[in-house]
Amino acid sequence: MANTTRVVMPQLGESVHEGTISKWLVKPGDKVVEFEPMLEVDTDKVNAEVPAPVTGILREILAKEGETVQAGAEIAVVELSSGGNVTASPAAPAAAAPVPAPEPAAEAKPAPVAAIPPQVEAAPPLPSLRGDLPAGRGGQLESGEHRYSPAVQMQASELKVDLASVAGTGIGGRVTKKDVQDFAARAKAAPAAAAPAPAVKPGEGDEVVQLTRVRRLIAENMVRSKTTIPHAWQTQEADMSGVVANRAANKAAFQKQEGFSLTYLPYVMAAAASALREHPQVNATFNETELIIHRDINLGVSVGLEDTLVVPVVRRADGLSLAGLARAVNDIASRAKNKQLKADDLAGATFTVNNSGTFGTLFSYSVINPGQAGILTMEAIVDRPMAVNGMIGIKPMMYLCFSVDHRVLDGLQAARFLTSCRKWLEAVTAESPIY
């Protein structure tokens with residue numbers, strides 16, 4: 001009898017309990033190799049390639065593309081070889097009759113179940129602060145089912161609100177009493193007989209592209225941000241002469257030692273981390289009746305991919321040197337592009353740095369991730385004529401743009417934070433250490 005193992009859906013993150021199979025990379029009859037990609041899975045937080053847990057021949061796919069499967073559920077059957085050498089065989093015809101199951105024997109043992117190992121080991125995650133995509137339906141944290149406080153349940157009962165329809169804005173995405181009250185108020189204010197907006201019908205020659213699960217969740221998260229967070233915006237212009245000189249002095253040796261290029265992003269991350277330590281109220285979460293000031297500075301870094309945007313987290317960024325920040329950014333960006341991020345890599349950010357200036361932008365009004373008090377965007381570095389000691393000189397200048405949650409910070413506090421970021425960057429010299 002062939003030795004087979006049943007492959008199960010892995011748990012791709014601490015708060016992730018299911019995944020949608022977006023694509024099988026192998027078909028029945030193909031050889032699968034341990035640790036090589038076997039399928040792609042969409043979760044609430046990330047699209048990831050999942051490696052094969054064993055080497056063998058894929059005999060059966062139990063969960064088809066598009067199916068949403070609970071973690072731990074069986075998704076495939078792989079036939080193992082006794083000597084470790086396997087030969088791929090063609091898949092059985094679709095119309096072939098199923099092989100009848102043998103009669104159970106007293107000594108028969110169930111086929112082993114192989115849990116797909118995580119792609120990358122990660123440090124224990126910090127509690128989610130909603131800087132990532134929502135952890136479950138309606139933004140609720142899930143553990144099999146939603147959890148609500150007794151006060152929230154009582155408020156929902158009084159206002160006749162279905163809690164499953166309420167988006168949470170509290171820490172970890174929890175639904176608060178204010179969320180319930182706001183939901184009820186919006187429902188009451190809406191016209192009772194209001195008809196849904198008419199669906200747009202595609203015209204001749206139009207292409208209809210179905211949204212991926214991740215894209216739908218990004219959309220929901222952005223709408224939640226703009227409808228629950230009163231955004232304010234400020235900008236300051238930084239003289240990047242010292243930063244440009246420092247990078248020029250170090251980039252060749254850095255490239256040789258580290259194997260990748262030194263960019264300007266780590267400098268801005270270091271400036272943000274220093275300013276967050278100086279102004280801890282910016283490193284905070286608005287939680288209905290209180291502010292939670294976070295001890296750790298965990299920077300989310302926006303990484304743009306072809307079809308989506310992810311914001312992996314560099315944890316305790318204030319404890320890293322410029323070179324350490326560069327390594328961390330290179331690691332998460334590489335894993336994001338290779339679909340090797342886990343959901344926990346996207347959880348726990350307390351502040352976000354965005355680098356849209358790479359594409360030549362000068363002024364960006366970035367949307368704040370729920371659970372954070374702001375997002376800092378570095379823009380393009382452009383040579384401009386500036387007044388220097390009464391003379392006109394050409395300097396590399398960069399705008400720093402800061403979107404801020406006005407519930408957490410007033411204009412004065414926001415300006416002080418932005419000023420600290422600018423002064424840190426302008427204090428860098430060609431001789432400043434990067435290690």
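**Close-up views of a predicted model**

C421 is buried, at 0% relative accessible area (buried is under 20%, exposed over 50%, partly exposed in between, with a 1.4 Å probe and protein chains only). This is a predicted model, in which local features need pLDDT of at least 70 and side-chain atom pairs count only at pLDDT 80 or more, while totals for chains, interfaces and linings use all residues. Residues are numbered from 1 along each chain as its sequence is written, and side-chain values use heavy atoms, leaving out hydrogens and water.

**View 1. Cysteines in the interior.** Like C421, C401 counts as buried, with 1% relative accessibility. The structure holds zero disulfides (pairs of cysteine sulfur atoms within 2.5 Å).

View 2. Helix α7 covers residues 411-427; helices are DSSP runs of H or I with at least four residues, strands are E runs of at least two, and both are numbered from the N terminus. Its buried residues include F417, L418 and R422. R422 pairs with E426 in a salt bridge, with the closest N and O atoms 3.1 Å apart (a side-chain nitrogen of Lys or Arg within 4 Å of a carboxyl oxygen of Asp or Glu). These two sit four residues apart in α7, about one turn of the helix, and E426 is partly exposed at 33%.

View 3. R335 is buried at 10%, whereas D331 is partly exposed at 37%.

Methods: The expected span of a helix is 1.5 Å times one less than its number of residues.
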